[in-house]
Amino acid sequence: MNLEKVIFGFFIVLALTLNFSFFLGEIGNLKHHNVFELFMVIVVNLIATILKLGDRSQIGAVLLATSLVADLQLIMAATYWTFAEHITGTGVTSEVIAGIVSLSGGALLANIISAVILVSETLMSRL
Amino acid sequence: MPRPVDLTRVTFIIMREMRRPIMALLVVYSFSILGMTLIPGSINEHGVENEKMSIFHAFYFMTYTATTTGFGEIPYAFSDAQRFWAIICLYTSVVIWVYAIGAIVRLLQNPFFVRALEEWKFSRSVNRIASDYFILCGFGDTGSVLARGLNEYRTPCVIIDENEERIKALHLRNYNVPMPGLYADASVPKHLLEAGVTRSNCKAIIAITNNEEVNLKISTTARVLNPNIEIITMSKLEDVEDTLANLGGEVHVVDPFKTFAQVLAATMHNAGFYALNRWLIQNKKGTIGSYIKPPLGKWVICGYGRMGSEVARVLTKYGVDTTIIDPDARHVNEHENYIVGRPTSKTLDEAKINEAVGIVASTSDDGHNLGILLNARHSNPNLFTITRQNHHYNEVTFAATKTNIIMQPTLVTAQKILFLLIAPLLKSFFAYLLENKVGRAREMERVIETLKNTIGDKTPYLTSLHFTHEKSKAVIQWLNRGETVFLGDLLRNPDNRNRALEVVVFVIKSGDQTIVLPDHNYRIKEDDEVLFCSTKLGEHLFHAIVNNEYKLHYTQNGTFLPRSWAAKTLANFMKKRASKQKTN
């Protein structure tokens with residue numbers, strides 16, 4: 001067992017699970033989606049990205065790419081939220097929250113791919 | 001095929017080293033932001049608690065707090081609990097920033113990282129060179145003269161030297177073509193790969209470091225990595241030369257003293273040669289048409305080293321009686337008049353300097369050479385003088401002595417290499433002129449006269465041109481249409497074809513045949529190689545003619561080819577009408 005591998009796997013899976021729990025719920029309903037959850041998803045995703053930096057293998061490159069996609073989508077969602085809440089002054093209406101959740105849904109897909117790659121690589125090295 | 005240098009290495013080093021500081025920053029930031037948003041706000045004047053900070057406001061607060069900007073408490077005045085948390089946030093985040101910046105600075109100062117960065121930049125600028133280029137290993141006196149010469153001919157060059165100071169000096173030079181430099185041991189294959197030894201447009205490698213072994217290693221490594229590359233190197237040892245000669249491919253070993261001996265022999269043979277040679281290498285002091293003839297008679301040679309022995313050999317061959325003065329007694333049996341001792345006024349008198357016609361000061365010490373020169377002239381002011389100048393910085397002193405022939409080994413080497421690279425056909429041209437046949441001396445005088453009339457006081461440029469599609473598009477198109485191109489028509493001025501270009505063609509190499517001083521009626525064939533001497537303007541115009549079909553059409557026919565669609569249509573119409581009128 002390798003501590004680095006544990007931490008690595010932990011953050012990738014945590015990014016996926018948090019992302020999923022934020023995504024879960026009625027798409028246009030603000031009550032089903034917590035702002036702190038989105039915050040945590042972003043933080044954990046960024047941590048996962050940093051952990052993937054500097055890996056020179058082909059798999060490492062693909063993992064980094066999926067993480068960057070997820071970061072991009074989540075930061076877009078957070079920026080959208082901030083704009084609606086503080087800058088345009090419309091408040092987080094059901095249309096806005098629907099947009100934010102669908103963006104996080106895209107990030108969820110990227111996180112799933114990342115987790116699949118992680119699992120399959122682990123299985124391959126076990127063989 | 002060896003793998004090219006991994007250019008992504010530097011990026012990976014940065015990424016790996018930055019992982020920890022960035023992670024620390026991220027954790028501290030998110031922890032602080034989260035705390036800020038959870039702490040209850042202060043009580044306002046209506047006695048109501050202000051709402052908690054939003055994530056956006058908390059992030060804004062952290063942004064200016066962590067960087068110690070401090071814009072104050074927003075959006076409302078803080079509660080004491082928030083202030084307490086703000087103190088913790090500020091101290092931790094500032095410490096983390098200091099740590100992160102420290103990590104970056106440490107990375108930038110790490111000598112291995114700096115080295116990797118240098119190599120990365122170097123091989124990136126090498127890969128950007130699109131034209132043919134050379135690799136120069138060793139940037140000493142010879143190397144810098146050579147680089148200047150190549151710059152004059154607009155040929156890029158990649159330079160590797162073991163001395164960091166030399167490469168720093170190189171970076172300050174003002175070259176018109178890319179001359180990337182790396183301070184590294186050129187005999188390490190990795191550095192040769194970074195210098196692009198395997199690239200197809202790398203035509204030659206020049207190994208002229210001070211170390212014989214290093215030169216040999218560079219040559220062999222280059223030959224193994226690239227079987228087509230031309231190798232030029234310097235060597236003083238016979239067995240090394242043998243090894244080099246058997247490397248296969250094109251290998252040239254340059255020995256400045258042998259080269260000088262050849263020039264001296266040619267000058268003994270033909271008085272115009274020394275001046276012509278000096279003029280061609282763009283020596284400002286060399287004026288074409290001045291004839292130097294070393295006199296026949298008794299000569300004194302001071303210093304029987306590499307230069308002295310070569311000069312003695314040449315002079316003896318031309319029937320000159322020579323006396324050697326050298327402190328080294330080992331070679332005493334090689335020559336009949338050999339005086340053992342330092343060349344002083346006493347030994348010079350012993351060698352009967354007052355009866356001599358010439359003196360050669362060829363020791364490896366510039367001070368001694370000057371001393372010999374002055375002593376010898378004191379006893380006999382009419383001597384013909386040949387001196388060896390070992391160091392470039394003594395140039396002023398040597399120029400002031402008004403010596404007939406000054407031999408600078410570094411300069412001779414650099415010029416020889418430059419000729420090999422720029423004008424490889426020059427060798428056959430000189431061989432032809434110096435051949436021991438009737439009328440050749442007259443021919444040389446004619447060449448000198450022509451050069452004097454065409455180029456005169458302007459700076460001469462030697463240019464080799466290969467008649468291929470890339471180098472001379474228009475001529476090849478013309479030939480493919482089955483038309484003939486006369487050499488003479490390429491030498492007409494594209495502004496007025498009755499005026500000649502300032503170009504003198506020396507040699508044309510066509511297949512295995514070498515035609516020296518070709519006739520104006522020579523018909524150009526594809527794949528011919530031509531060597532000509534011209535002014536800068538002449539070279540430009542020549543290139544314009546062989547590449548531009550309109551200019552070529554004009555110099556060949558004296559008429560202008562219509563360029564635009566309308567002009568072409570009109571020309572066709574006129575032609576048709578003219579032929580119709582004829583038939584009527």
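**Two open sheets in chain B**

Let me start with one pair: Ile232(B) stands opposite His252(B) in S6(B). Strands, like helices, are DSSP runs numbered from the N terminus, with at least two residues (E) for a strand and at least four (H or I) for a helix.

This is a predicted model, where local features need pLDDT of at least 70, side-chain atom pairs count only at pLDDT 80 or more, and totals for chains, interfaces and linings use all residues. Residues are numbered from 1 along each chain as its sequence is written, while chains are lettered from A and ligands numbered from 1 in the order in which they are written.

Now the parallel sheet. Six strands of chain B make an open sheet, ordered S3-S2-S1-S4-S5-S6. Pairing here requires at least two bridges found by DSSP between two strands. Strand S5 (residues 230–234) of chain B is joined to S6(B) by four bridges. Helix H8 (residues 212–225) of chain B lies across S1 (133–137), S4 (202–207) and S5 of chain B, at about 175° to S5(B). Axes are lines fitted to C-alpha atoms, for helices over the stretch in contact, with angles from 0 to 180 degrees between N-to-C directions; contact means C-beta atoms, placed from the backbone, within 7 Å.

Next, the antiparallel sheet. Its four strands in chain B run in the order S13-S18-S16-S17, again open. S13 (461–466) and S17 (513–516) of chain B each have a single partner strand, so one side of each lacks a neighbour in the sheet. Six bridges pair S13(B) with S18 (residues 529–534) of chain B, and Ser464(B) has Leu531(B) as its bridge partner in S18(B).

Terms used
Contact = placed C-beta atoms within 7 Å.
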